[in-house]
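Trainee: I would like to learn how to read a protein structure. Could you take me through one, feature by feature?

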Amino acid sequence: MSQKIALYGAIVIFAVLVSLINDAPVRAQDGTPKSPQLSQPEIDRIISAFTAKETQFRKALNVYSFKRDAMVQSLGMGGQITGEYRRVSHFTFDDQGNRYEKISFFPMPSFAGTVTQEDLEDLGGINPFALEPSKIDRYNFKYVGKEKIDELSLHVFDVVPKVLPDPKKTKERLFVGRVWVDDQDLQIVKTKGKGVPETKINKFPIVETYREQIDGRYWFPTYSYADEELIFDNGEPLHIRMKVRYTDFAPARADVKIIEIEDPDAQKKEVKPMPSQPKKP
C-alpha cells in the first residue's frame, strides 16, 4: 500500500515476528505452541523434507490452472467499508514456473489507498506461496514447537531472510513470518507473514494463508486473509482488510495473455491459447 513509512530493514523483520508471536489468531489448544524435545538433526531433517516438498509442490502447480478472487477493502470508523479493490483472474504456469494471468473481472477501484505493483506481486507470490523453492537457502528456520489445528498435528517454524534485499538495487521479494508443517506429509499447510522489504512508500499487512489438499497429494493455497491498521509516517492510519480465495484447481496448461481492464475492448478480445498438453487419464 503506497504511502511513506519509516520502518524497514531489520526493524521490519523484528516487528513482524513480534506481531506473529503475540497476535496469532490460531494457536494450539492450550494457547501456545508445544515444544517437544527434538534433536537438531531431527529438526534439520524436517526442514530438509518440507522444503524439498515445497519444490515438488511448485512443480506440480505448474500443470494446474486456478481462479483467484482478490478483494482489498479500506475500512473507516466502526468498520464500515470506505473503498474496495476487486480483481478476479484465472492463472496458468509454464514449465519454468512463470505465471500467466487472464483478468475476468476488474471493476473501477474505490479503494482509499494505492494498490502497488508490489501488492499485486505479493498476491501471486509471497502471500499464497511464501517460500520460493529457488530461494530456500536464503532463509533461516527456527523450530518453535508443535500445534494441533483441527485434526492436524503441525510443526511450527519461524522464517527470516538471512539478508534483507535492498529495494534500491532489486525488486526481489522475500518472506518473513511463520509456517505450519503437517507432521505426516511434511508439507506446509498454513503460513502467516508478509513480503519484504518495505520501502519509504510501501507498507504491507501480515497475511495468513491456509492450504487444502488437492487431488489427495498437494497442499495448495485456497484462502488468504489480512485485517490490519497500517500507520504511516504522517500519522494517518489506513485500516485495510484483504480476502483472497483460490479455487477451481484443475490440471491444465495454456498460454494466455494478460488483459488489462483499462483497455475498453479487453472483454471483447478473444484469447487464443496454444494447444495444451494431453490430460492424464
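Mentor: Happy to; we will go through the sheet, the salt bridges and the rings in turn. Keep in mind that this is a predicted model.

Trainee: Let's begin with the strands. In what order do the 10 strands of the open sheet run?

Mentor: First the general idea: strands of a sheet pair through backbone hydrogen bonds, and the pairing can be parallel or antiparallel. Here the order is S3-S2-S1-S10-S9-S8-S7-S6-S5-S4, with antiparallel pairing. Strand S3 (99–105) and S4 are at the edges with a single partner strand each, so one side of each has no neighbour in the sheet. On average, neighbouring strands are turned by 20° against each other, direction ignored.

Trainee: How many bridges join strand S8 and S9?

Mentor: Seven bridges, in the antiparallel sense; S8 covers residues 207–214. You can look at one of the partners yourself: Glu 212 has Phe 220 of S9 as its bridge partner.

Trainee: Which helix packs on the sheet?

Mentor: Helix H2 (residues 40–61) does, and the strands it touches include S1 (64–75), S2 (81–93) and S9. The direction of H2 makes about 100° with that of S9.

Trainee: Now the charged side chains. How many salt bridges does the structure hold?

Mentor: The general idea is that side chains of opposite charge can pair when their charged atoms come close. This structure holds 12 salt bridges. In one of them, Glu 172 meets Arg 138, with the closest N and O atoms 2.4 Å apart. Glu 172 is in the loop between strand S5 (152–161) and strand S6 (174–182), while Arg 138 is in the loop between helix H4 (126–129) and strand S4 (139–149), so the pair links distant parts of the chain, 34 residues apart.

Trainee: Is Glu 172 buried or exposed?

Mentor: Glu 172 counts as buried, at 19% relative accessibility, whereas Arg 138 counts as partly exposed at 31%.

Trainee: Which residue forms a salt bridge with Lys 146?

Mentor: That is Asp 183, and the closest N and O atoms are 2.8 Å apart. Asp 183 lies in the loop between S6 and strand S7 (188–196) and Lys 146 in strand S4, so this pair ties together parts 37 residues apart in sequence. Arg 241 belongs to strand S10 (residues 237–251) and Asp 227 to strand S9 (residues 218–231), so parts 14 residues apart in sequence are tied together. Salt bridges can also form a network, as they do for Arg 68, Arg 87 and Glu 101.

Trainee: Where does the charged end of Arg 87 sit?

Mentor: It sits over the ring of Phe 106, 5.3 Å from the ring centre. Likewise, Lys 190 lies over the face of Trp 180, at 4.1 Å from the ring centre.

Trainee: And rings with rings: how many aromatic pairs are found?

Mentor: The whole structure has 13 aromatic pairs. Tyr 218 and Phe 220 are a stacked one, 6.1 Å centre to centre with 10° between the planes. Tyr 218 is buried, with a relative accessible area of 16%, and Phe 220 is buried at 0%. Tyr 223 and Tyr 225 are also stacked, 6.4 Å centre to centre and with 20° between the planes. Here Tyr 223 is partly exposed at 21%, and Tyr 225 is partly exposed at 28%.

Trainee: Which residues do ring pairs link into a cluster?

Mentor: They are Phe 57, Tyr 64, Phe 66, Phe 91, Tyr 218, Phe 220, Tyr 246 and Phe 249.

Key. Residues numbered from 1 in each chain as written. Predicted model: local features only at pLDDT ≥ 70, side-chain atom pairs only at ≥ 80, totals over all residues. Heavy atoms only, no water. Phe/Tyr/Trp six-rings, centres within 6.5 Å; stacked < 30°, edge-to-face > 60°. Buried < 20%, exposed > 50% of the residue type's maximum accessible area, 1.4 Å probe, protein only. Lys NZ or Arg CZ within 6 Å of the ring centre and 35° of its normal. Salt bridge = Lys/Arg side-chain N within 4 Å of Asp/Glu carboxyl O. Helix = DSSP H or I, 4+ residues; strand = E, 2+ residues; numbered from the N terminus. Pairing = 2+ DSSP bridges. Axes fitted to C-alpha atoms, helices over the stretch in contact; angles between N-to-C directions. Contact = heavy atoms within 4.5 Å.
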